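Start with the annotated positions, then follow the charged pairs and the paired strands. Keep the sequence and the model side by side.

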Amino acid sequence: MEPFNREGGADRTKSRPGSAGDSNTGRVIVIGPYLRARRGDGDGQSDASVRDYEARIEEAAGLARAIDLAVVESVVAVISQIRPATYLGKGKVEEFTGLIAGNAIELVVMDCALSPIQQRNLEKAWSTKVLDRTGLILEIFGRRAKTKEGALQVELAHLNYQRSRLVRSWTHLERQRGGFGFMGGPGETQIEADRRLISERITKLEGELKKVQATRRLHRAGRQRVPYRVVALVGYTNAGKSTLFNRLTRSDVQAADMLFATLDPTLRALNLPHGGKAMLSDTVGFISNLPTQLVAAFRATLEEVLEADIILHVRDISHEDAEAQERDVEAVLRQLGIDPDADGGQRIIEVWNKVDRFDPDERENLRNIAARRPPERPCFLVSAASGERIDELLSAIEDRLAAKRMTLHLSIDASDGAGISWLHRNAEVLNKELRGERFDMTVRVDETKRDIVMSRFDAVPSGA
């Protein structure tokens, strides 16, 4: 794609065929106003260096298509600085005015976070509706929410977003209502009344979400009594988390090649190779510049990640922007209070998904890269779609979970069917051999079950 090379105009714009005929949402243009990388930027954190222009505009167009918007143009506009009034410079605003009018555009999606003033000024200049990245993601989440909890979270995030945007071009919001009591007074403007109603609704939603959090805590306490370890999937949206979730748990959670196909959290039992069990949690996908309103609203859902014993960071290793996506996921984890580097990264296992898209030589190169990683930060090359090397991943999960468990040796009478059954339900049976009329067994148990096993079966710790 040819970016805009100067703030006052463009050398060329590149059109991408949309699906205007397949949608009744009108004609949409996606604009990527990205800051130009400055020479000498040593931190590597400028917009241009963190994410390639092409990948960013493709992702923005994909977000728009995720809610069936008919994208007929996607254009990169490289800018040297952000203008307080319109984000873009005056020359670019005028340039896009002609493009928008000439193509009968009904909605402009700006791949950035606009202030209310910037959004209002652009709508006036272009005589069309303008939606920024935050608003677009909120729209997607609103479409995807299936459960009551998800709907509550999305509504809360949307109201927090709208509360600061009541100054948009709605002139009726400046009307005054009469005052209260006998004296009247200046009264309350419509915008103040709407803000008050939004604040009241936000307070109510926050109360309902606290009840959801309380319910989740009860469920979590119940799992801890069993107890089941929790493994949580995180990753960039469309990295293949739901496909991997289905592969690991033999479930049928919706998995589609689209951004944010999964929104509501899902928990399923995960059977480990030696008979143990864990709970696997599938969560909402992360994305670059994830709106802070959504991180706050979905905190109740993401508590499963906070409480997880192991976090599987699923990466689409075939994506051209895989490294930037990794940084984005780690940034969101830090927003949640999870340091990916804590304890040497022992809590996180990287899963490099979609290796089936590579030829044998490329796979060998990836395996060499993975082999050079520190032992405490391993990664596993898998294909959730084909099942390739899933067994290795399951074994790694089991080994990591077993790090805090005790291995015990015991001998049990072969006629004690109830005891043997109890061990299979409450411990990982690593080995079981019949010697005469007794079973010699090696089991691995959680700390909470260790004393029970040792007293009931006269077990001996490994190495004792």
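UniProt positions are given in the numbering used here, feature names are shortened, and annotations may be inferred rather than shown by experiment. This is a predicted model: local features need pLDDT of at least 70, side-chain atom pairs count only at pLDDT 80 or more, and totals for chains, interfaces and linings use all residues. Residues are numbered from 1 along each chain as its sequence is written, and side-chain values use heavy atoms, with hydrogens and water left out.

The unreviewed UniProt entry annotates Ser242 and Thr262 as "binding site". Ser242 sits in helix H8, residues 241-249. Helices (H or I, at least four residues) and strands (E, at least two) are DSSP runs, numbered from the N terminus. Ser242 is buried, at a relative accessible area of 9%. Here buried means under 20% relative accessible area, exposed over 50%, and partly exposed in between (1.4 Å probe, protein chains only).

Now the charged pairs. Side chains of opposite charge can pair when their charged atoms come close. A salt bridge is a side-chain nitrogen of Lys or Arg within 4 Å of a carboxyl oxygen of Asp or Glu. By this rule the model has 18 salt bridges.

Take Glu155 and Arg201, with N to O at 2.8 Å. Glu155 is partly exposed, with a relative accessible area of 28%. Arg201 is partly exposed, with a relative accessible area of 28%.

Glu350 and Arg315 form a salt bridge at 3.1 Å, N to O. Glu350 is in strand S11 (residues 348-353) and Arg315 in strand S10 (residues 310-316), 35 residues apart. Are these two buried or exposed? Both Glu350 and Arg315 are buried. They also belong to a network of salt bridges that links Arg315, Glu326, Glu350 and Arg373.

Glu388 pairs with Arg363, the closest N and O atoms being 2.8 Å apart. Glu388 is in the loop between strand S12 (379-381) and helix H13 (390-402), while Arg363 is in helix H12 (residues 360-371), 25 residues away. Glu388 is partly exposed, at 22% relative accessibility.

Last, the strands. Two strands pair if DSSP finds at least two bridges between them. Strand S13 (residues 406-413) runs antiparallel to strand S15 (residues 438-445), joined by 8 bridges. S13 also pairs with strand S16 (residues 460-461), antiparallel, over 2 bridges. Leu408 has Val443 as its bridge partner in S15 and stands opposite Pro461 in S16.
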